[in-house]
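Please have the sequence and the model open while reading.

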Amino acid sequence: MSMKKVGSIEVYELDENLDKYTRKEREEYINELFKQEYQGKEMSYLLNGEEIKALINKTTRKNFTQLRHSHGQLETFNEFKKRQDIAFSNDFIPLISNANFKRQSLEHYAGQSGSHRQNNHWYYFNKIIFCNDNLYNVIIDILERNGNYYIYNTKLKEVDARALSPGMISTSCTTNIS
């Protein structure tokens with residue numbers, strides 16, 4: 001796997017040998033990557049001109065490894081597999097870096113249970129990538145709770161190049177990792 005920039009779009013080329021690994025082997029490896037390398041890292045994003053630091057935590061890992069944990073924007077199995085392949089190739093950090101702020105919302109439903117009851121805001125970031133002959137929109141859901149930010153979920157959605165507007169392509173974002 002390699003990632004390179006072509007203009008303002010990141011191009012990911014997946015290794016053809018990925019298919020020799022079972023889904024279980026991939027999931028075990030991705031879980032270890034999250035536990036050993038990613039958990040506890042902070043990613044910086046620009047939110048309304050100000051830098052925020054969003055933490056990668058155990059919820060990020062749990063939601064990343066689950067198919068269809070996407071709150072209304074369901075991934076197809078092929079999109080899920082492509083996202084897993086990128087992470088399996090050690091490119092999760094570049095995948096969630098350099099994303100643009102898209103929108104924000106408050107918690108959607110009154111009376112929700114669990115952690116959703118305490119949430120303040122949701123922030124949605126995205127960017128367009130090119131991977132193995134297809135364009136994808138990378139969607140990053142960031143949760144703000146009690147003034148702290150967490151990367152809650154990431155998804156890929158295949159994009160029709162004809163429907164792509166110039167504003168969807170990242171031009172000047174920077175991301176810091178700590």
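Helix α1 is followed by Gly40, whose phi is positive, near 95°. The model is a predicted one, in which local features need pLDDT of at least 70 and side-chain atom pairs count only at pLDDT 80 or more, while totals for chains, interfaces and linings use all residues. Residues are numbered from 1 along each chain as its sequence is written, and side-chain values use heavy atoms, with hydrogens and water left out.

The chain holds four helices and eight strands, where helices (H or I, at least four residues) and strands (E, at least two) are DSSP runs numbered from the N terminus. Along the sequence these elements follow the pattern β-β-α-β-β-α-α-α-β-β-β-β. Of the 178 residues in the chain, 47% are buried, buried meaning under 20% relative accessible area, exposed over 50% and partly exposed in between, with a 1.4 Å probe and protein chains only. Among contacts (heavy atoms within 4.5 Å) with a separation of 6 or more, residues 24 or more positions apart account for 60%.

The axes of α1 (residues 23-38) and α2 (residues 58-65) come within 10 Å and cross at roughly 160°; axes are lines fitted to C-alpha atoms, for helices over the stretch in contact, and angles run from 0 to 180 degrees between N-to-C directions. That makes α1 roughly antiparallel to α2, a term for angles over 145 degrees. The crossing of α1 past α2 is right-handed, the near helix being turned clockwise from the far one by less than a right angle. The contact is made by Glu27, Ile30, Asn31, Phe34 and Lys35 of α1 together with Thr60, Arg61, Phe64 and Thr65 of α2.

| Helix | Buried residues |
|---|---|
| α1 | Arg26, Ile30, Leu33, Phe34 and Tyr38 |
| α2 | Thr60, Arg61, Asn63, Phe64 and Thr65 |

Seen down the axis of α1, its buried residues fall within an arc of 95°, so they line one face of the helix; the arc is that of the directions from the helix axis to the C-beta atoms. On the other side of α1, Lys24 and Gln36 are exposed. What covers the buried residues of α1 includes α2, α3 (77-88) and α4 (92-96), whereas the buried residues of α2 pack against α1, β4 (50-55), α3, α4 and β8 (148-159).

Technical notes: Angles under 35 degrees count as roughly parallel, over 145 as roughly antiparallel, 65 to 115 as roughly perpendicular and the rest as oblique.
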